[in-house]
Amino acid sequence: MHSRVVYQAARGLARTGCAVLRFNFRGAGGSAGTFDAGPGEMSDFAAALDFLTSRYPGVKEIWAGGFSFGAWIALTVGASDDRVTALVGIAPPIGSYDFSTVRHSAKPKFFIQGERDELCPLGDLRRFYADLPIVVPEVRGAIGRAMAGQGRAILDVGGADVGSRVLGS
C-alpha cells in the first residue's frame, strides 16, 4: 500500500475528483490474517467493493484495478462482479497467475506496463492482449517497475459529489 506506484495511482485519481481507498490484503502490512495466495485476497477485494457500494449507493461506474498481484486480484474479481464496469491493471503478472476470467470478460480493460519490468514482462502482456477481442493501443515511453509490490490494492469509489468512478488494486 505504501509503494510509489500505488501512491501515485491513488494520487492521480484523487486529483481527477475520485475518492480513493487503499488497503492491504490479509497478512500484508499491519493487516490481520495470513496471506492466502489468491482466494482470501479475492474475498478481501469483494468485501471492499461491498463496503464502498454500501457507502456510495449512487455510484454508476466502478473501475476495479490494482498493481502487480493486486492487479490479478482486482481484475479477476472485477471481471465477475456486475457492479464493476471497467478493469485497470498496473503491471499485471500475466505469466504468473490465471487471467482467463479477465480475458473472457467483455468489460473495457486498460493496462499500464513498464517496458523493462522483470517481474511482469511486457511480452507477456502483449501476448495476453493480442487474444482480446478488441484493438488495444500501446503507448510507448513507460519506465520499468518503480517498486515491486505484493498484497496491495487500490479502490476508488465516486459519488455525485466526489466523482463517478471506482478503481481497486
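Colleague: Which residues of α2 are buried?

Modeller: Bear in mind that this is a predicted model. In α2 the buried residues are Gly40, Glu41, Met42, Asp44, Phe45, Ala48, Leu49 and Leu52.

Colleague: And how many residues does helix α2 have, and what does it reach from its first C-alpha to its last?

Modeller: Helix α2 covers residues 39-55, which is 17 residues, and from first to last C-alpha it reaches 24 Å, close to the 24 Å expected at 1.5 Å a residue.

Colleague: Stepping back, in what order do the elements of the protein chain run?

Modeller: Starting at the N terminus, the order is α-β-α-β-α-β-α-β-α-β, and the protein chain has five helices and five strands.

Colleague: What percentage of the residues is buried, and what share of the contacts is between residues 24 or more positions apart?

Modeller: Of the 169 residues in the protein chain, 48% are buried. Taking contacts with a separation of 6 or more, 60% of them are between residues 24 or more positions apart. As for the surface, the protein chain exposes about 8,400 Å², with carbon and sulfur atoms supplying 55% of that area.

Colleague: Changing topic, how many aromatic pairs does a search of the whole structure find?

Modeller: The search finds seven aromatic pairs. One to look at is Phe25 with Phe69, where the ring centres are 6.0 Å apart and the planes stand at 90°, so this pair is edge-to-face.

Colleague: Where do Phe25 and Phe69 lie?

Modeller: Phe25 is in the loop between β1 (19-24) and α2, while Phe69 belongs to helix α3 (residues 69-80), so the pair ties together parts that are 44 residues apart in sequence.

Colleague: Are those two buried or exposed?

Modeller: Phe25 counts as buried because its relative accessibility is 1%, and Phe69 counts as buried at 2%.

Colleague: What about the rings of Phe69 and Tyr97?

Modeller: Their centres are 5.6 Å apart with the planes at 65°, so the pair of Phe69 and Tyr97 is edge-to-face. Since Phe69 lies in helix α3 and Tyr97 in the loop between β3 (86-90) and α4 (100-104), the pair ties together parts that are 28 residues apart in sequence. Tyr97 is partly exposed, with a relative accessible area of 27%.

Colleague: Last one, which residues form the aromatic cluster?

Modeller: One aromatic cluster is formed by Phe25, Phe35, Phe69, Trp72 and Tyr97.

Notes
Residues are numbered from 1 along each chain as its sequence is written. This is a predicted model: local features need pLDDT of at least 70, side-chain atom pairs count only at pLDDT 80 or more; totals for chains, interfaces and linings use all residues. Side-chain values use heavy atoms; hydrogens and water are left out. Helices (H or I, at least four residues) and strands (E, at least two) are DSSP runs, numbered from the N terminus. The expected span of a helix is 1.5 Å times one less than its number of residues. Buried means under 20% relative accessible area, exposed over 50%, partly exposed in between (1.4 Å probe, protein chains only). Contact means heavy atoms within 4.5 Å. Accessible areas come from the Shrake-Rupley method with a 1.4 Å probe; for residues, only the protein chains shown count as cover. Rings of Phe, Tyr and Trp (its six-membered ring) pair if their centres lie within 6.5 Å; planes under 30 degrees apart count as stacked, over 60 as edge-to-face and the rest as tilted.
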